[in-house]
Amino acid sequence: MSSSLLHPPSHLPPAVALRLSQQAPGILGRTTGAISNSVFQSLLSAAETPELWTTYENLLLSCLRTGDDESAHQCLARLVNRFGQSNERIMALKGLLKEAGANDAAALEVILKEYDQILQDTPTNIPILKRRVALLRSIGRISDSVSALTSLLEISPTDAEAWAELADLYFSQGLYSQAIFALEEVLVLQPNAWNFHARLGEILFVSAKSSHNAGQMSQALKRFSRSIELCDDYLRGYYGLKLATKQLLSEYHDHDVSVSRTGSDGFDVPAPAILGKLDEMATEKLAEIVRRSSAGEKGWQGYDEAEIKAARELLAGDSGTTIR
């Protein structure tokens, strides 16, 4: 069984999700439907393992991504047989399938009312709370989605996923300071999450550009640097690092950082010589990632194609950079 089925499908490239969903009929045919109440059938069934049920759930999600509703319903049926209709996670998966099958906004409103009814009975049903947030966002009710998320975080303040979603909602509305605060909460809970360090760097970068704040730009550089310290081959970290160093170097050139070189957190804006070395390092690493990923070298696959394209275009802007 593919190891990719043990990872969240939302983190898989579309091509991988498609390949997994195409394997669904074979996987479902080779595995048992559920642990049976019959002793005889249980003896004939494959051993129950956590990986089996993770596989069913992730296969369900991959099938939904690619439109294979029949296989998705088969996966759900097996999970329901094992864990029951009242399991909170199962309730959320059932809701997700209903959302995927909804034909119009009216159908989605009906599902939203079903979520509200469930939450009247069990207000702390976290999976349903999260599905409600996602549904509100998908139908454009952003303010309601933010309110629902803040209510969820009152119940579960250590939910890093909820804080990250709240940051994304705030960012989509141009509320940069609130988005930064929410991502800082994520990093309190997951201090070694290199992707969230880079994401915080991206929001700091956008905020600094809009306000011409060199101190905040230096904070962005700091976050990008931390992300690549934690993950040496993280493309978004190097991409952001190059953007931040170029911006700070241009501000030095325009004398925009001559008045104050200290950010609000006490982190000094690096000197031009240091910025130049950081820019050179980021350029070399991005060029290596693009070259080796494009060549399909072992250990250099799995990068998002859009990110590789963006990195190639960024490097093309540097006259001294050659990508083979």
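Predicted model: local features only at pLDDT ≥ 70, side-chain atom pairs only at ≥ 80, totals over all residues.

Visitor: What makes α8 roughly parallel to α10?

Guide: The axes of α8 and of α10, which spans residues 160-172, lie 12 Å apart and form an angle of about 15°. Angles under 35 degrees count as roughly parallel, and α8 is therefore roughly parallel to α10.

Visitor: Why are α8 and α9 called roughly antiparallel?

Guide: Helix α8, residues 126-138, and helix α9, residues 142-155, have axes that come within 8 Å and cross at roughly 160°. An angle over 145 degrees counts as roughly antiparallel, so that is the term for α8 and α9. The residues in contact include Leu129, Val133 and Leu136 of α8 together with Ala148, Leu149 and Leu152 of α9, and by class the contact has 9 nonpolar, 1 polar and 4 charged residues. The crossing in which α8 passes α9 is left-handed, and α8 also passes α10 in a left-handed crossing.

Visitor: How do you know whether Ser207 counts as buried or exposed?

Guide: Ser207, which belongs to helix α12 (residues 194-211), has a relative accessibility of 9%. Buried means under 20%, and Ser207 therefore counts as buried. Apart from neighbours within four places in sequence, Ser207 is in contact with Tyr176 and Gln216.

How values were computed. Residues numbered from 1 in each chain as written. Heavy atoms only, no water. Axes fitted to C-alpha atoms, helices over the stretch in contact; angles between N-to-C directions. Helix = DSSP H or I, 4+ residues; strand = E, 2+ residues; numbered from the N terminus. Parallel < 35°, antiparallel > 145°, perpendicular 65-115°, else oblique. Left-handed = near helix turned anticlockwise from the far one by under 90°. Contact = heavy atoms within 4.5 Å. Nonpolar A, V, L, I, M, F, W, Y, C, P; charged D, E, K, R; others polar. Buried < 20%, exposed > 50% of the residue type's maximum accessible area, 1.4 Å probe, protein only.
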